[in-house]
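Please open the structure in a viewer and keep the selection tool at hand.

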Amino acid sequence: MNRIYWVFAFLVLSGGSALACPDYAKSGDTYELTGSELYSVHKYNVRAGGNINIEKCSNVTPQTDRGRGYVTEAPDFTFNLSGMGKYTLTVSVESDCDSVLLVNTASAGWYYDDDDNGNLDAKVNLTRPSDGWLDVWVGTHDGAVCDAMLSMETFDR
C-alpha cells in the first residue's frame, strides 16, 4: 500500500509541473491601444523572467525563432489592439539581462525572439498585426530575473 501511495504522489507532482506552460487564456496588465496611438512608442516597466521553460511546452510553437526561454504562466501584458490595418508593429525589450520575448497574436500565432534587439535583448516585428488581443511574455534566456522595459511601436507599411 505504501508503494502505491508513493507512485501516486510522484505522478501527481510530476504531472502538475509538466502542465505549467504559457497560457494565453490568462491576462496580464491590460491596455487598449490603436495603431495610430502606437505610432509614438509606448514603454512599460516589467520584471523579466519566470520559471517555465518554453522549450518544454508543446502548446507553444513559434512561427519565428525557437529557443530556450523562461517565462511565467500568465502573460506580462495583454493588449487589445485596434486600427492595425496599415501598420507593422515592433515589440521590443531593453533589460539588464539576456531577455526573450514570447508573443501570442489575435490570430493565434506564436512568435519568439532572443537577441534581435541587440545587447542580448529581444525584438519581434509583426508585419501584419491583427486587431484584437495580443499577449506578451517578457522572459529571460537562462531563468534569471531582472528589470526590463517593454516597448511597443507601429510604423507605416
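**Charged pairs and nonpolar cores**

Begin with Lys26, which counts as partly exposed because its relative accessibility is 35% (buried means under 20% relative accessible area, exposed over 50%, partly exposed in between, with a 1.4 Å probe and protein chains only). The model is predicted: local features need pLDDT of at least 70, side-chain atom pairs count only at pLDDT 80 or more, and totals for chains, interfaces and linings use all residues. Residues are numbered from 1 along each chain as its sequence is written, and side-chain values use heavy atoms, with hydrogens and water left out.

Now select Arg47 and Asp147, whose side chains meet in a salt bridge of 2.9 Å, N to O. This pair links distant parts of the chain, 100 residues apart: Arg47 lies in strand β2 (residues 42–48) and Asp147 in strand β11 (residues 146–156) (strands are DSSP runs of E, at least two residues, numbered from the N terminus).

Finally, select Phe79, Val136, Val138 and Leu150, which have the most contacts inside the largest nonpolar core, of 26 residues (a set of buried Ala, Val, Leu, Ile, Met, Phe, Trp, Tyr and Cys residues joined through side-chain atoms within 4.5 Å). Strand β11 supplies the largest share of this core, 4 residues.

How values were computed
A salt bridge is a side-chain nitrogen of Lys or Arg within 4 Å of a carboxyl oxygen of Asp or Glu.
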